[in-house]
Amino acid sequence: MQKLTITQPDDWHLHIRDGAILKTVLPHTVRQFARAIIMPNLKPPVRSVDEAAAYRERIIAAIPAGQQFEPLMTLYLTDNTTPKDIIAALASGFVKALKYYPAGATTNSDFGVTDIRRCDRVFEVMEEVDLPLLVHGEVTDKDVDVFDREKVFIEKYLLPLKQRFPKLRIVFEHITTSDAVNFVLEAENVAATITPQHLLFNRNALFQGGLRPHFYCLPILKGEEHRQAIVEAATSGNPKFFLGTDSAPHTRNNKENSCGCAGCYSALHALMLYAEAFERADALDKLEAFASFYGPDFYRLPRNTEQITLVKSAWQIPAHIPLIESELVPLWGGHEIMWQIQ
Ligand code: DOR
Ligand code: ZN
């Protein structure tokens, strides 16, 4: 196949930050995606509908002139989120979900939930009004091996949560293990997003000839058998698995640092990376539904009607993208890949 025309996709998990970085990264997303679920982990996080409304306006102001894009907002769940916040979120029309970060699990998660049981009143209302919960599924226990944190989270928190709230719709974000795939396959009202890095790379990428900070994200890349399970899920045609890049820009100096930040910048070339991964799995025919159908179906939004065409033609991912005082290093920067947008 040399050319692939698909319905325009959406990104169901995206970090675009704020201020100058927002203005640099948003056009990359807008070039490929019609809508995106915007992560709320700003400093301080987006916790109220008013904060989400103001952030949404700043995003809309950063859309390049003449282009279409709809930011789908989320609120950051904390120990202090109330049922009233959920009702307000639903009434806003533009807040589509709440994001659950275990406190301390990842970038800007200090305001996250300290004990999931504290949110039961909130989950009850979310279940009732059918507002999805987006979960960063990793335990924060420093005694648990970093490669096991997703698996342990499922056993310790997700299974019990599902038992308490069987109808609560959950997106298990950026899954990385066969354990997560199996959990999603079996659980009712649960879907999952999958990133390009977890489809294309295993944990060896972190240590290829030296320490490779631009492959460091959370949840961390896993072993090859897990990568294969993720590829199988994404290319299976099962509507429980859909596209969410988790593109998470950090400046080069914050990545190449004695304590480097977690996050891969993929917004520049996300769709091309997914095409690469699906072609390697001989499953390009499954890309459209994964990228463009199953996400809106889960969120109960209309599918997009525009189309986008990918052409098979080698190009080199830029090694860096300039920012005012630093730069971004795209995921797999400098590497040649086979697909581009026409
Ligand atoms: O690698 C990550 N980066 N994982 C997350 O969960 C957060 C994200 C970020 O915001 O940088
Ligand atoms: Zn994320």
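Which residues come nearest to ligand 1, out of the 13 around it? I started my notebook there. Arg17, Asn41, Leu218, His250 and Ala262 come nearest, where a residue is near if one of its heavy atoms lies within 4 Å of the molecule.

**Ground rules**

I noted that this is a predicted model, in which local features need pLDDT of at least 70 and side-chain atom pairs count only at pLDDT 80 or more, while totals for chains, interfaces and linings use all residues. Residues are numbered from 1 along each chain as its sequence is written, chains are lettered from A and ligands numbered from 1 in the order in which they are written, and side-chain values use heavy atoms, with hydrogens and water left out.

**Ligand 1**

I looked up polar contacts next (pairs of N or O atoms within 3.5 Å; within protein, one must be able to donate a hydrogen and the other to accept it, and residues adjacent in sequence count only if both atoms are side-chain atoms). The side chain of Arg17 has an N or O atom 2.8 Å from an oxygen atom of ligand 1. Leu218 uses a polar backbone atom, 2.8 Å from a nitrogen atom of the ligand. Gly263 also comes in through its backbone, with an N or O atom 3.2 Å from an oxygen atom of ligand 1. Taken alone, ligand 1 exposes 290 Å², and the protein buries 100% of that; these areas come from the Shrake-Rupley method with a 1.4 Å probe, and for residues only the protein chains shown count as cover.

**The zinc ion**

Which protein atoms hold ligand 2, the zinc ion, as donors? I found His13 (NE2), His15 (NE2) and Asp246 (OD), lying 2.0 to 2.1 Å from the zinc ion. Donors are N, O and S atoms within 2.8 Å of the metal (3.2 Å for Na, K and Ca), and water is not among the atoms, so sites may look incomplete. Along the sequence, the donor spacing reads H-x1-H-x230-D. His13 lies in strand S2 (residues 11–14) and Asp246 in the loop between strand S9 (241–243) and H9, so this pair ties together parts that are 233 residues apart in sequence. For the labels, helices (H or I, at least four residues) and strands (E, at least two) are DSSP runs, numbered from the N terminus.

I checked Asp246 again for its backbone. Asp246 has a positive phi of about 55° although it is not a glycine. Most residues other than glycine have a negative phi. Asp246 counts as buried because its relative accessible area is 6%; buried means under 20%, exposed over 50%, and partly exposed in between (1.4 Å probe, protein chains only).

Arg300 sits in the loop between helix H11 (287–299) and strand S10 (307–316). Is Arg300 buried or exposed? It is exposed, because its relative accessible area is 55%.

I also found a cis peptide bond from Leu218 to Pro219, with omega near -5°. Pro219 is in the loop between helix H7 (196–200) and H8. Another cis bond runs from Lys43 to Pro44, with omega near -5°. Pro44 is in the loop between strand S3 (35–38) and helix H2 (49–61).

**Salt bridges**

How many salt bridges are there? I got 17, counting a side-chain nitrogen of Lys or Arg within 4 Å of a carboxyl oxygen of Asp or Glu. Arg252 and Glu327 make one of them, with their closest N and O atoms 2.6 Å apart. That pair links distant parts of the chain, Arg252 in helix H9 (residues 252–255) and Glu327 in strand S12 (residues 327–328), 75 residues apart. Arg227 pairs with Glu224 at 2.8 Å, and both lie in helix H8 (residues 224–234), 3 residues apart, about one turn of the helix. Arg117, Asp120 and Arg164 are linked in a network of salt bridges.

**Two buried residues**

His269 is in the loop between H9 and H10. I call His269 buried because its relative accessibility is 0%. A polar atom of the His269 side chain lies 2.7 Å from the backbone oxygen of Leu331.

Glu276 is in helix H10 (residues 270–280). Glu276 counts as buried, because its relative accessibility is 8%. Leaving aside neighbours within four places in sequence, Glu276 is in contact (heavy atoms within 4.5 Å) with residues including Trp332 and Trp339.
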